[in-house]
Amino acid sequence: QLQLVESGGGLVQPGGSLSPSCAAPGPRFTLDPYAIGWFRQAPGKEREGVSCISSSDTLTPYAASVTGRFTISRDNAKNTVYLQMNRLKPEDTAVYYCAAVLTLNVQAMCVLRDYGMDYWGKGTLVTVSS
């Protein structure tokens, strides 16, 4: 069974940067065939899609609230997906999760609340505060 492990969260001041990663520890499993999504959930709020990336690395939708500030990327050689977060705001504070699914519809996986993911990580906490 595929295991997803998030890391790289932490405490950062407004305007700062963080770059969490989502990895599938080897050697048994690979992320290559999966679309990968980053999601976040703040206390008292519903989970929302932040950004997703297709298995082909050609499609990368973003939530409007993060467009221009966040960049998703993947490195198949390292079996890892990254979320570069710049110009962070207090409202970005949340637990950030990654998920994997065998799909070509990366827009749907990012925005549909009932979209069935194959695997979820346990999350990494990002706190943006002065």
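This is a predicted model: local features need pLDDT of at least 70, side-chain atom pairs count only at pLDDT 80 or more; totals for chains, interfaces and linings use all residues.
Biologist: Before we start, what should I know about the model?

Modeller: Local features need pLDDT of at least 70 and side-chain atom pairs count only at pLDDT 80 or more, while totals for chains, interfaces and linings use all residues. Residues are numbered from 1 along each chain as its sequence is written, and side-chain values use heavy atoms, with hydrogens and water left out.

Biologist: Why is Cys52 called buried?

Modeller: Buried means under 20% relative accessible area, exposed means over 50%, and partly exposed lies in between (1.4 Å probe, protein chains only). Cys52 has 0% relative accessibility, so Cys52 counts as buried. Cys52 sits in strand β5, residues 48-53. Strands (E, at least two residues) and helices (H or I, at least four) are DSSP runs, numbered from the N terminus.

Biologist: What does Cys52 touch?

Modeller: Leaving out residues up to four places away in sequence, its contacts include Ile36, Phe39, Leu59, Val106 and Cys110. Contact here means heavy atoms within 4.5 Å.

Biologist: What makes a set of residues a nonpolar core?

Modeller: The set must consist of buried Ala, Val, Leu, Ile, Met, Phe, Trp, Tyr and Cys residues joined through side-chain atoms within 4.5 Å. The largest such core has 27 residues, and Trp38 and Tyr96 have the most contacts inside it. Strand β8 gives the most to this core, with 4 residues. Apart from it lies another core of 9 residues, among them Ala35, Cys52, Ala99 and Val106.

Biologist: Why are Arg113 and Glu46 called exposed?

Modeller: Arg113 is at 63% relative accessibility and Glu46 at 53%, so both pass the mark of over 50%. These two also form a salt bridge, with closest N and O atoms 2.7 Å apart.

Biologist: What about Arg69 and Asp92?

Modeller: Their side chains meet in a salt bridge at 2.8 Å, N to O. Arg69 lies in the loop between β5 and β6 and Asp92 in the loop between β7 and β8, so the pair ties together parts 23 residues apart in sequence. Arg69, at 6%, counts as buried, and so does Asp92, at 1%.

Notes. A salt bridge is a side-chain nitrogen of Lys or Arg within 4 Å of a carboxyl oxygen of Asp or Glu.
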